[in-house]
Amino acid sequence: MTEQALAMLRAAGAEAIDHPGGHLMAHLRRVSALLASWGAPPVLVSAGLCHAFYGTDGFPGALLPLERRGELVQAIGDEAEALVYFYASCDRKASYHTLAADDAEFADRFTGARTRPTAQQRRDFAELTAANELDIAAVSPEMRDRFGPALLELFTRWRPLLSEPAWEHCRDVLG
């Protein structure tokens, strides 16, 4: 976690945005810590901290407009910012069902472009998604009851993409 990224999150109001388990900043810190505890590389840990900057298909409020991507690059580096963009750009309905397949097609909700992500992109995306969703399920029994079965089904399909620690945590939280 860089101090610059944390400062950007504070300036964007992440501590004032309600989110399951408190506020958005707390969630972002927990996601980042969870990824670190699973042994994720530093770029993925940084992406975990910043994954909500451009909003997501499930959390539409952006903290930073896409036109200002360069600012996030300055804070966390090109590779981590690219992961943040990739995560935020996912059209979940069009992309989730085939993500584990070698020929998975990924739909960018910002541009409408369809691409075939690399195996590493798919693994990083699955790991970040698991950390995000499992954090919410762990802190909110209501969300776990409502979405847990579907998440367990999703992560079971994505099992080939998940690290062993991520899969164990999935089973602990949702199983």
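Among contacts in the protein between residues at least 6 apart in sequence, what percentage join residues at least 24 apart? The figure is 57%, where contact means heavy atoms within 4.5 Å. Keep in mind that this is a predicted model, in which local features need pLDDT of at least 70, side-chain atom pairs count only at pLDDT 80 or more, and totals for chains, interfaces and linings use all residues. Residues are numbered from 1 along each chain as its sequence is written, and side-chain values use heavy atoms, with hydrogens and water left out.

**Overall build**

- The protein has nine helices and four strands; these are DSSP runs numbered from the N terminus, with helices being H or I of at least four residues and strands E of at least two.
- Starting at the N terminus, the order of elements is α-β-β-α-α-α-α-α-β-β-α-α-α.
- The C-alpha trace spans about 35 × 35 × 25 Å along its principal axes.
- Of the 175 residues, 47% count as buried, meaning under 20% relative accessible area, with exposed over 50% and partly exposed in between (1.4 Å probe, protein chains only).
- Carbon and sulfur atoms hold 52% of the accessible surface of about 8200 Å², computed by the Shrake-Rupley method with a 1.4 Å probe; for residues, only the protein chains shown count as cover.

**Helix α3**

- Helix α3 (residues 42-50) is mostly covered, with seven of its nine residues buried.
- Those buried residues are L44, V45, S46, A47, G48, L49 and C50.
- Their cover includes α1 (3-11), α2 (24-37), α4 (69-76), α5 (78-89) and α7.

**Cysteines**

- There are zero disulfides, a disulfide being a pair of cysteine sulfur atoms within 2.5 Å.
- C50 is in no disulfide, as its nearest cysteine sulfur, that of C90, is 19 Å away; C50 is buried, at a relative accessible area of 1%.
- C90 is in no disulfide either, and its nearest cysteine sulfur, that of C170, is 17 Å away; C90 is buried, with a relative accessible area of 1%.

**N132 and its surroundings**

- N132 lies in helix α7 (residues 119-139) and is buried, with a relative accessible area of 7%.
- Apart from its neighbours within four places in sequence, N132 is in contact with H27, V31, H51 and Y87.
- The side chains of N132 and H51 make a polar contact (3.1 Å); a polar contact is a pair of N or O atoms within 3.5 Å where, within protein, one must be able to donate a hydrogen and the other to accept it, and residues adjacent in sequence count only if both atoms are side-chain atoms.
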